[in-house]
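Here is a short report on one protein model.

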Amino acid sequence: MPVDLHYAKCMDELNKQATTPAFQSMYKSKPAGLYKLAKQMYHQINQSREDNELAYIYSFRFLKLLEVIYRRDTDKHFVQLQFDSMRKEVGELYTELQKSLQRRYDQLAQKKLSEVPEEPTTTIKVDDKSVSNIFGDDIFISSQQLYQELPNVAENMLIIDIRSSTHFNESKLNGNYHLINIDNNLIERGLSAFKLEEKLDKVTKDKFAKRDEYIYILLLDNDTVKESFQTSKLKILNDILTLWDVNKNYNHAPYVLNGGYVDFVDMYPTHSTNPHVVCTDRYGDLDDILNLDAINYPPMERFGHTSIVSVTPKDILENMFLELLKLCQIIETTEKELLQFEENLLIMMQSSEYSSSEKEQLEYSRASCDLQRRAHYERKDEMKKVMIKEVKTHKLNESDYFNRPELLHLERSIVDVSRKRRKVAEELKKYELEEGEKEKEEEKKPQPIVGDSSHNKPVPSEEIVKRPPPPELVKLIPPKVNRATKPLKPISSDRGLNGLVNIKNSCYMNSIIQCLRHIPYLRYYCISGEYRNEITTKHPKLILEFSDLIKQMWMGHSSAVRPTTFYNAITRLYPDFRRGNHEDANEFFMIVFSYLSDDVARDIPEMARYLPADRTSFYRLTQQKESFFINNFYHQIRMDTECQKCLKREMRFETENVLILDMPLRGNTSLEKLVHVFMTTCDVNTLFCNDCEKPSAFDRKVTYLPRILTILLKRYTANRDGVYVKKTTSCSYPLDGLIFGKARYKLWGLCLHQGSLSSGHYTAACQNILDNRWYELNDEMVRPIDLTPTTYEKEVYLLFYQLVDEKMVGFL
């Protein structure tokens, strides 16, 4: 027997349920994730056939999902083998359900016309006249509205968070709020508020029982938005409170936080007890993936198993516009927070009554906020460039996207806040200059002499100038030293020009960290907080310490940073680094890379039977996992061999996160030449046919392009006595234009080494993205340099490049 109609009253309403805007994020998903989702959804269709409405929605979305897969995947044969039979079956089911549901909705409408409507059992009693409706008439409030009004309504608001109790305990709103957690698993259709109350623990039950004593009630979950509310657990809870809560009189109908906890903490991370674990629900159970609010497709007028709506360039640009709009909202919020920090700092300096620790804390918060602001602006500029390129490619009108009222309004607001900030900054600068002058005056004053009881007596300034220094001080004056060969004084760190303090011979660590933090894509990943959304373990090993260090170094808080927290974390994981030996920088990079990747790694679907060989090999090497670091640092090269006698063909893959190139023993070479040699030559022992032992011809091709290409020059080799010696061969390198797999890469960092295998010193040379200048970073010391392709040709050891055209990342 079919389940009674319960999702909609007509086909138009049901189609709206199937076309929520949240599905636009699917366009950015990787093919492997789409394959898994399609198979899960097909299984769900078969499980829900008795519920015609649910089966209809899943069928609609399944067919649209296949449309995206068919258009995006270049391996059409693989897709057809996997999904053609499913597509035909579900297409026929969809047409059948469409006709059946239309008939049932028509019958339901006729039946309602002949019935007398009954009053609901209970309804919420709202006295709007006695309550200030500060949030407006809509039950949905934005994160910005909540942030602005929370200080005014916190005492009179009950906040009900329905995320799982596990996630609630890991991370929740931070503040003196009336906050309770009702696990969404306890919320079911048909429950009354009284029955729900009986399911709660004693503490939560006591607070929930007083719900009608509050003026406002706010409901929130992980990430539900207005468009997906109708099919969420929040809607069920809202119905329980408004329709089935006997003997309770509310001051106002419950509000719902649009975008949920994730959206709020993305904008205001300091208002969370632990923002690092936010968004883990996004990689949750099948129920979360297949929930009716999880996927959405563009609206359609006509649909069948042989007629599917195409994803157009306008659809993609519309999705990019929504991302741009949200990014502008985040920038506006960050600008306002930064203005607040600067105004508080100005008030503090005007009052002259503050401790140095209070000022340092406020300056640190200001610098942290400013760092995030810069990163968001950089991301916005990149996104606009991509959008403009897409618009021109498809001959569309820029004004259709960049002159929209909602975007212009946000940009005007951002400009207004920026102007206010400039005025406050000018005032701050005056006080900082005055403070600097006072410090100089203090330095000019004579210092008291140990054992001289006269230092307490006031002395005229003229007398101080004329008085010769006492004998005790003459002896303490240091001799003049020729500092021409000494390191330069650390330069100002106002643009991320920070050195790193050497802890127990840790120059190898400092040079690698400097190179990594200057890679633009990795820099944004850390300072924007994106890594927080991808943490997949309750106890991350290194990603938090690494990202905090990167953020600290870009704040410009001091000329040199002491990386104690990061050092303690990595030496706890790998105690050998604590010994103070001369370690290998590449080995350190590989170990750090492994821990960082593990912290954000997630499983990918099981191998499909007809998955192409390159992908099978890639995922087998990564143990069927993917992460930010795997996806962006790994490359793959395919080598095809053919026996020149029996014509036997073999194919093998090399998948690594570092491209290792052999250096010649003597003479000069170039990085381009080394890459060419690597791609066109091979160890002769691997080129013989296993069957007839005859030589084989071979061909190497890049099959997976990394976004970040790390190259190691093998400078160490064993001599005849078995002792490893260093090759001092000169190697030039291109700054912008290294070609790898027909793609162009730009250089951002060099790890340099002077000395031998057992002793020596590591430094780094990096390009600063904020001023596009190159700097040498030697532990605490930083100095500008004019880098050329031959500046460090004998010292260069590791090179860090980033792909110029980001659209080329991935399998070719």
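The cover over the buried residues of helix H9 includes strand S2 (157-161), helix H7 (193-198), helix H8 (202-209), strand S4 (216-220) and strand S5 (255-257). H9 itself spans residues 233-243. Eight of its 11 residues are buried, so the helix is largely enclosed by the rest of the structure. Those buried residues are Leu234, Lys235, Ile236, Leu237, Asn238, Ile240, Leu241 and Thr242. The model is a predicted one.

**The chain as a whole**

The protein chain has 25 helices and 25 strands. Of its 812 residues, 46% are buried. Take the contacts between residues at least 6 apart in sequence: 74% of them join residues at least 24 apart.

**Helix H20 and its partners**

Helix H20 covers residues 543-554. Two of its helix contacts are described here, one with H19 and one with H18.

| Helix pair | Axes come within | Crossing angle |
|---|---|---|
| H19 (residues 520-527) and H20 (residues 543-554) | 9 Å | roughly 105 degrees |
| H18 (residues 507-517) and H20 | 11 Å | roughly 75 degrees |

Start with H19. Its axis and that of H20 cross at roughly 105 degrees. That angle makes H19 roughly perpendicular to H20. On the H19 side, the contact is formed by Leu522, Arg523, Cys526 and Ile527. They meet Phe546, Ser547, Ile550, Lys551 and Trp554 in H20. By class, this contact has six nonpolar, one polar and two charged residues.

Now H18. Its axis crosses that of H20 at roughly 75 degrees. H18 and H20 are therefore roughly perpendicular to each other. Here Ile513, Gln514, Leu516 and Arg517 of H18 meet Phe546, Leu549, Ile550, Met553 and Trp554 of H20. The classes are seven nonpolar, one polar and one charged.

The charged end of arginine 517 sits over the ring of tryptophan 554, 4.8 Å from its centre.

**Aromatic pairs**

How many aromatic pairs does a search of the whole structure find? The search finds 31. In one of them, the rings of tyrosine 56 and tyrosine 94 have their centres 5.0 Å apart and their planes at 25 degrees, so the pair is stacked. Tyrosine 56 lies in helix H3 (residues 52-72) and tyrosine 94 in helix H4 (residues 76-113), so the pair ties together parts that are 38 residues apart in sequence. Tyrosine 56 and tyrosine 94 are both buried.

Phenylalanine 629 and phenylalanine 633 form another pair. Their ring centres are 6.1 Å apart and their planes lie at 25 degrees, so this pair is stacked. Both residues lie in helix H24 (residues 628-633). They are four residues apart, about one turn of the helix. Phenylalanine 629 and phenylalanine 633 are buried.

**A residue in H15**

Is aspartate 416 buried, exposed or partly exposed? At 40% relative accessibility, aspartate 416 counts as partly exposed. Helix H15 (residues 405-444) contains aspartate 416. Glutamate 332 is 84 residues from aspartate 416 in sequence. In space, the two are 9.8 Å apart, C-alpha to C-alpha.

Technical notes. Residues are numbered from 1 along each chain as its sequence is written. This is a predicted model: local features need pLDDT of at least 70, side-chain atom pairs count only at pLDDT 80 or more; totals for chains, interfaces and linings use all residues. Side-chain values use heavy atoms; hydrogens and water are left out. Rings of Phe, Tyr and Trp (its six-membered ring) pair if their centres lie within 6.5 Å; planes under 30 degrees apart count as stacked, over 60 as edge-to-face and the rest as tilted. Buried means under 20% relative accessible area, exposed over 50%, partly exposed in between (1.4 Å probe, protein chains only). A charge sits over a ring if NZ of Lys or CZ of Arg is within 6 Å of the ring centre and within 35 degrees of the ring normal. Axes are lines fitted to C-alpha atoms, for helices over the stretch in contact, and angles run from 0 to 180 degrees between N-to-C directions. Angles under 35 degrees count as roughly parallel, over 145 as roughly antiparallel, 65 to 115 as roughly perpendicular and the rest as oblique. Contact means heavy atoms within 4.5 Å. Ala, Val, Leu, Ile, Met, Phe, Trp, Tyr, Cys and Pro count as nonpolar, Asp, Glu, Lys and Arg as charged, and the others, Gly among them, as polar.
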